[in-house]
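Hi,

Here is the structure I promised to pass on. Have a look at it first, and then read my notes below.

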Amino acid sequence: MSGLQIEALHHAYGPAMVLQGIDLQVPPGRIVALVGPSGCGKTTLLHLCAGLLAPQQGRIEQPLQPTAVMFQQPRLLPWMTTRDNIALGLKARGAARAERHRHAAEMAQALGLPVAALTQYPAELSGGMQSRAALARALVLAPALLLMDEPFAALDVGLRSQLHQLLLARQAHTGMAVLLITHDLMEAVRLADEVLVMAASPGRIVARYHPPGAAVARGDALVHRCAAELQQHPAVRAAFGLPDRAGSATDADDSLAAAGTWHATAAMVGGPQRSGC
């Protein structure tokens, strides 16, 4: 079965073009990360994929069902217990109370939430526990496609690493497709099979990078090296508004070719263009 496919997508708010010529695919069993500066249209693109906005021009084919969305904030309902928040999607599906509570408890345990937290309300949970509950609420639906909008941005380094590993483990187990929105190059390299770099005004994809190896096998040293080198590429530096690094572009491009694979796009900015290195 084909996964999420987007072709020639354009979207505007009034006269302002937000997205232009977006093409991407998220096959089952793969994680694709979209990185780019604030205001480049990443969240708009995710809302279009989730069906929260109607595309104005272009095609979105989304045969993967069910779909779950994890937003930047946990968005837990304050009047519900953690267990009922996790089970909310199952309730909407019509699952019986006992069944949805059982599945919620199993997923909470899998993501490291203590049993006592299930009867607590969001205000009684730490930020990390709220994030785990939000991830559990998405994963308990056993989604074929998971859309994530910077879900770990507010977490400390240790907790973010824990949730990264939990996400990778569940994704490897279920084979779901994941589209991750982030502005963190290191997070993108750690999690994704493919990293798409976006630039703003209008939002467009300017480069595609395939990190080396399987995400679950990437160690910290490799992630740090690839993220640092990724930041040196002219297309990435231009997208994030970083100053040119005169004399370093070729070295960065060559070292990235050894570490992963670049695919240039028609809108790629500066530097030598590589395809299938």
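Let's start with the cysteines: a search of the whole structure turns up zero disulfides, a disulfide being counted when two cysteine sulfur atoms lie within 2.5 Å. In general, a disulfide is a covalent bond between the sulfur atoms of two cysteines. Cysteine 49 counts as buried because its relative accessibility is 5%, and cysteine 226 is buried too, with a relative accessible area of 0%. Here "buried" means under 20% relative accessible area, "exposed" means over 50%, and "partly exposed" is in between (1.4 Å probe, protein chains only).

Before you go further, please keep in mind that this is a predicted model: local features need pLDDT of at least 70 and side-chain atom pairs count only at pLDDT 80 or more, while totals for chains, interfaces and linings use all residues. Residues are numbered from 1 along each chain as its sequence is written, and side-chain values use heavy atoms, with hydrogens and water left out.

Now the overall picture. The protein has ten helices and ten strands; these are DSSP runs numbered from the N terminus, with helices being H or I of at least four residues and strands E of at least two. Of its 277 residues, 49% count as buried. Among contacts (heavy atoms within 4.5 Å) with a separation of 6 or more, 69% are between residues 24 or more positions apart.

What is inside? The largest nonpolar core has 56 residues, and Ile86, Leu146 and Met148 have the most contacts inside it. Helix α5 (residues 127-139) gives the most to this core, with six residues. Apart from it lies another core, of 25 residues, including Leu45, Leu46, Cys49 and Ile181. A nonpolar core, by the way, is a set of buried Ala, Val, Leu, Ile, Met, Phe, Trp, Tyr and Cys residues joined through side-chain atoms within 4.5 Å. Leaving out residues up to four places away in sequence, methionine 148 touches Leu46, Met70, Leu135, Leu167, Val178, Leu179, Leu180 and Ile181.

Next, look at helix α1. Its buried residues are Lys42, Thr44, Leu45, Leu46, Leu48 and Cys49. After α1 comes glycine 51, with a positive phi near 85 degrees. Is serine 38 buried or exposed? Serine 38 counts as exposed because its relative accessibility is 73%. Serine 38 and alanine 200 are 162 residues apart in sequence, yet their C-alpha atoms are 8.2 Å apart in space.

Most residues other than glycine have a negative phi, and most peptide bonds are trans. Serine 201, though not a glycine, has a positive phi of about 60 degrees, and a cis peptide bond with omega about -5 degrees joins serine 201 to proline 202. Proline 202 sits in the loop between β8 (194-199) and β9 (204-210). Serine 201 is exposed, with a relative accessible area of 69%. Alanine 142 also has a positive phi, near 50 degrees; you'll find alanine 142 in the loop between α5 and β6 (145-149), exposed at a relative accessible area of 54%.

Happy exploring!
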